[in-house]
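Here is a brief report for a reader meeting this structure for the first time. Take a look at the sequence and the model before reading on.

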Amino acid sequence: MTMVVTPWEVRGEIDYDRLIREFGTKRITPELLERIKKHTGDLHFLLRRGIFFSHRDLDWILDEYEKGNKFYLYTGRGPSENVHIGHLVPWVLTKWLQDRFGAKLYFQMTDDEKYLFKRNLELEEANRLAYENALDVIALGFDPDKTFIFSDIDYAKTLYREAIKVAKRLTLSTAKAVFGFKNSNNVGEIFFTSMQAVPAFLESVKTGRNVPCLIPYAIDQDAHFRVARDILPKLGFYKPAAIHSKFVPGLLRGGKMSASDPRSAIFTVDDPETVRKKISAAFTGGRDTAEEQKKLGGRPEICSVFRYFEFFFEEDDRKLEEIFSECRSGSRICGDCKEELAKKVIGFLEDHQKKRERARDVLEKFIVRD
Ligand code: TRP
């Protein structure tokens, strides 16, 4: 199947090297990781394992940081559904970066985008989901003094006066070339990228001086920031820097975790029974029979259960390596392995759901609106 990676569609076998070439990004090298480690003391497993694999100007962000010019963070979420584990991956690294670098974070909830792009989504519903999804962000432990979460709709006065400055410098032909828009797209869709550009320079607007911005995101969002990097210097701001993550594979064969097929993803609000069912139906690298598996060994490299350990549920590299080699050698049977994963997921969700409910009481500490 041909590979498609746009902000609105990800499909086919993903070739990450090809994305680096086609999008014109850079690979995160071991040298760059060492440079980060000099400041942080350790490396998050998402960096160690190359799940964040690509960047733009991360070296420049570190140059500036070393000169005493601190950066801020920006990321976001399109609130059209409940949050699943795949969404949490970039946020987990963002939280780590906030802690280690003492960075402020702007977190954009693009309820406007989801309303414009989803045929059956009402604006009120997208707006409600913005605040529901914000609970998942807060549950990860972001610093309330340094984190600013907003719905585009409810922060529109601040955002709009900046967004039109971007929009004025973006032609229809560029938008068509970058995003593949057709004459049948509505004009809101064409304008929208201007809104997503704003938090990449909002801190500079607010402070009245240029502040470097680092944006962690799954690489499907890249088109927006190619546009932003082109336009922001024309407005007198720095180009935003970025680090890019891979997609968390879905539980089914092929494809990423997707909210549009609930069986492919584990949602943060799933109950233990649902989690067990989804994991027991998951695609693995196992053989047809236990005998064959003992003889030939499993194939962790194509197994969605193994990927879950790797991307989220096993932080310890030694243990992950153990899972891998036990599977390869045939001593680990899929049924047991799934059970082990289900226990970890259920344990994580139990804790997350508690924090998520508690977040309702502190929500307003995080929200900015106008
Ligand atoms: N458009 C993104 C989505 O649909 C949401 C988003 C807004 C975002 N700003 C961002 C994601 C910055 C990553 C980084 O999910």
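## The model

This is a predicted model.

## Around the ligand

The shell around the ligand holds 14 residues. Tyr74, Gln108, Glu113, Gln196 and Gln221 come nearest. By type, the shell divides into 4 nonpolar, 7 polar and 3 charged residues.

Three elements each supply at least two residues of this shell: strand 5 (72-77), helix 6 (111-117) and strand 8 (213-218). Strand 5 gives the largest share, with 4 residues.

An N or O atom in the side chain of Glu113 is 2.8 Å from a ligand nitrogen. For Gln108, a polar side-chain atom lies 3.0 Å from a nitrogen atom of the ligand. For Gln221, the distance from a polar side-chain atom to a ligand nitrogen is 3.1 Å.

How much of the ligand does the protein bury? Taken alone, the ligand exposes 360 Å², and the protein buries 91% of that.

## Helix 10

Helix 10 spans residues 187-197 and is mostly covered. Of its 11 residues, 9 are buried. Among them are Ile190, Phe192, Met195 and Gln196. Gln196 is also one of the residues that come nearest to the ligand.

The buried residues of helix 10 pack against strand 5, strand 6 (105-109) and helix 6. They also pack against helix 8 (156-167), helix 9 (172-179) and helix 12 (222-231).

At the start of helix 10, a side-chain oxygen of Asn186 reaches to within 3.0 Å of the backbone nitrogen of Gly188. Gly188 is itself buried.

Note on methods
Residues are numbered from 1 along each chain as its sequence is written. This is a predicted model: local features need pLDDT of at least 70, side-chain atom pairs count only at pLDDT 80 or more; totals for chains, interfaces and linings use all residues. Side-chain values use heavy atoms; hydrogens and water are left out. A residue is near a molecule or strand if one of its heavy atoms lies within 4 Å of it. A polar contact is a pair of N or O atoms within 3.5 Å; within protein, one must be able to donate a hydrogen and the other to accept it, and residues adjacent in sequence count only if both atoms are side-chain atoms. Accessible areas come from the Shrake-Rupley method with a 1.4 Å probe; for residues, only the protein chains shown count as cover. Ala, Val, Leu, Ile, Met, Phe, Trp, Tyr, Cys and Pro count as nonpolar, Asp, Glu, Lys and Arg as charged, and the others, Gly among them, as polar. Buried means under 20% relative accessible area, exposed over 50%, partly exposed in between (1.4 Å probe, protein chains only). Contact means heavy atoms within 4.5 Å.
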